[in-house]
Structure formats: C-alpha cells, structure tokens
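User: Hi! Could you walk me through some side-chain contacts in this one?
Analyst: Happy to, let's look at it together.
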Amino acid sequence: MLNFDEAVYLILKHEGGYVNNPNDTGGETNFGISKRAYPNLDIAGLTAFDAQDIYKRDFWDKVKGDKLPAGLDLMVFDFAVNAGVSRASKVLQKIIGAKADGIIGSKTLNLVNAHGDALALTTEYYRLRQAYYESIDSFQHFGLGWTRRNNETLKESLSWIF
C-alpha cells in the first residue's frame, strides 16, 4: 500500500508542465499545481521535486493513500489532484456507505477494509469519477483529456491490484 512514488510518477505524466489556459479555472498551472490553489507560489518556477512534495503533503496524505488498498489508492489520489481532496474523498465515501464529509478518517478506512474487494471499489470509483466529469459544463473543453486520464488511471490501478 506504499505506492506514492509510483503514483506521483503517473500524476506528473498526466499533469505535464507549465500551462496558462484561459479555459482552466485554476489559471496558471505547472505540474498540475495551480496559482488559484497556491497563490503565493512561483508557479512558473516550480520544479517537479517541489510538486512531489506538495502532492505528498496535500493530496496523498490527506486521502490516506498509504492506508488504501493498492489500485484504489491511485484512483483516489489521481482524482484528488484533478478535482480536489474533498470531492475525491466523498466519492469513496459514497461507494462504501460512509458519511460523505470529504475527510477520509478511521471510519472511512474501516469501511473500505470491511468491504475488502479492491477491484469492485476501484471500478465503481472509476465509473462515478467519469460521471462527475460528464456533468461539468467544461466537459466540452476538457472532457476528452479527463476521460483519457480516467481510463489510463484505471488501467494502471488494475495492474496494481493484479
């Protein structure tokens, strides 16, 4: 369950380098780290190592990546990076029947462990993630990329399960 190094590699691949797309509500972004979320950072000067530190502290640790089953950890982490920790956590909580408060704690983890089927959890997470993307107004601009990312993340997640 200690897959952060492998997971962040995929995140950095998905996020790419510096962009400043006017259709992106995050604004100026580098390695997926946005000016909107981190207004005091020099986004253009951000390094991959800086991004990894942020991803570990503000995303992986907050979704309890080290405590989730292999495969599901990647799906939740990748969605947290793409759509926010709270939203990613709520999707998981919805699947397992936990109170959807957006914070993965001991109750959520106990329900994940009680469920015991990482494959079923991961594939349902994939389905709900895609449904979320398709519900967003900007799907017309970013939908192809989000769908590709979701598919790639599922494929990699399944390789971690098997």
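Predicted model: local features only at pLDDT ≥ 70, side-chain atom pairs only at ≥ 80, totals over all residues.
User: Is lysine 56 buried, exposed or partly exposed?
Analyst: Lysine 56 counts as partly exposed because its relative accessibility is 28%. Buried means under 20% relative accessible area, exposed means over 50%, and partly exposed is in between (1.4 Å probe, protein chains only). Residues are numbered from 1 along each chain as its sequence is written, and side-chain values use heavy atoms, with hydrogens and water left out.

User: How many salt bridges does the structure hold?
Analyst: It holds 7. Another one joins aspartate 78 and arginine 129, whose closest N and O atoms are 2.4 Å apart. Aspartate 78 lies in helix H3 (residues 72-83) and arginine 129 in helix H6 (residues 118-135), so this pair ties together parts 51 residues apart in sequence. Helices here are DSSP runs (H or I, at least four residues), numbered from the N terminus.

User: Are aspartate 78 and arginine 129 buried or exposed?
Analyst: Aspartate 78 is buried, at 0% relative accessibility, and arginine 129 is buried at 0% too.

User: What about arginine 149 and aspartate 78?
Analyst: They form a salt bridge as well, with the closest N and O atoms 2.9 Å apart. Arginine 149 sits in helix H7 (residues 139-161), 71 residues from aspartate 78. Through shared partners, salt bridges join Glu15, Asp78, Arg129 and Arg149 into one network.

User: New topic: how many aromatic pairs are there?
Analyst: The count is 12. Rings of Phe, Tyr and Trp (its six-membered ring) pair if their centres lie within 6.5 Å; planes under 30 degrees apart are stacked, over 60 edge-to-face, and the rest tilted. In tyrosine 132 and tyrosine 133 the ring centres are 6.1 Å apart and the planes at 50°, so that pair is tilted.

User: And how do tyrosine 133 and tryptophan 146 pair?
Analyst: They are stacked, because their planes are at 15°, with centres 5.2 Å apart. Tyrosine 133 is in helix H6 and tryptophan 146 in helix H7. Both belong to one aromatic cluster, which also includes Phe79 and Tyr125.

Note on methods: Salt bridge = Lys/Arg side-chain N within 4 Å of Asp/Glu carboxyl O. Helix = DSSP H or I, 4+ residues; strand = E, 2+ residues; numbered from the N terminus.
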